[in-house]
Amino acid sequence: MTTKDQTTSSFPIDSIRNSDYDKTTTWNGTAWSHSAPDVSDNAVIDGSYNDKCFSCLNLTVNAGKDFTIASDTQFVAGDLLLKSDAAN
């Protein structure tokens, strides 16, 4: 027989966060913060990028950062955001 633990309170299902659901990986100019992105990941370019293409969900290129794909085609399934500031 299984009994309910009376000290456990209920909570809405949207308060559970899957750590892989909204994963963002950042390129620092040398390496990705987690791993190279795939189509389910958000990617941020925070250092100059001149390498092979990759796929991602959303891509953000921070102000003043160069983003060059050496070959093939870049695939962004969601949004592409190019940030700028007064100098860039």
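1. An open sheet of 4 strands runs in the order β1-β2-β5-β8, with parallel pairing. Strands are DSSP runs (E, at least two residues), numbered from the N terminus, and two of them pair if DSSP finds at least two bridges between them. β1 and β8 (80–82) stand at the edges, each with a single partner strand, so one side of each has no neighbour in the sheet. From one strand to the next, the twist averages 15°; the axes are lines fitted to C-alpha atoms, and angles run from 0 to 180 degrees between N-to-C directions.

2. The model is a predicted one, in which local features need pLDDT of at least 70 and side-chain atom pairs count only at pLDDT 80 or more, while totals for chains, interfaces and linings use all residues. Residues are numbered from 1 along each chain as its sequence is written, and side-chain values use heavy atoms, with hydrogens and water left out.

3. Within the sheet, strand β2 (residues 42–45) and strand β5 (residues 59–61) run parallel and are joined by 3 bridges. Val44 has Thr60 as its bridge partner in β5.

4. The count of salt bridges (a side-chain nitrogen of Lys or Arg within 4 Å of a carboxyl oxygen of Asp or Glu) comes to 1. Asp41 forms a salt bridge with Lys23, and their closest N and O atoms are 3.6 Å apart. Asp41 lies in the loop between β1 and β2 and Lys23 in the segment before β1, so the pair ties together parts 18 residues apart in sequence. Asp41 counts as buried at 3% relative accessibility, where buried means under 20% relative accessible area, exposed over 50% and partly exposed in between (1.4 Å probe, protein chains only).

5. Rings of Phe, Tyr and Trp (its six-membered ring) pair if their centres lie within 6.5 Å; planes under 30 degrees apart count as stacked, over 60 as edge-to-face and the rest as tilted. The count is 7 aromatic pairs. Trp27 and Tyr49 form an edge-to-face pair, with 5.0 Å centre to centre and 80° between the planes. This pair links distant parts of the chain, 22 residues apart: Trp27 is in strand β1 (residues 24–27) and Tyr49 in strand β3 (residues 49–51). Both Trp27 and Tyr49 are buried. One aromatic cluster is formed by Trp27, Trp32, Tyr49, Phe54 and Phe67.

6. Asp66 is placed in the loop between β5 and β6 (67–69). Its C-alpha atom is separated by 4.6 Å from that of Ser48, 18 residues apart along the chain. Leaving aside neighbours within four places in sequence, Asp66 is in contact (heavy atoms within 4.5 Å) with Ile45, Gly47, Ser48 and Tyr49.
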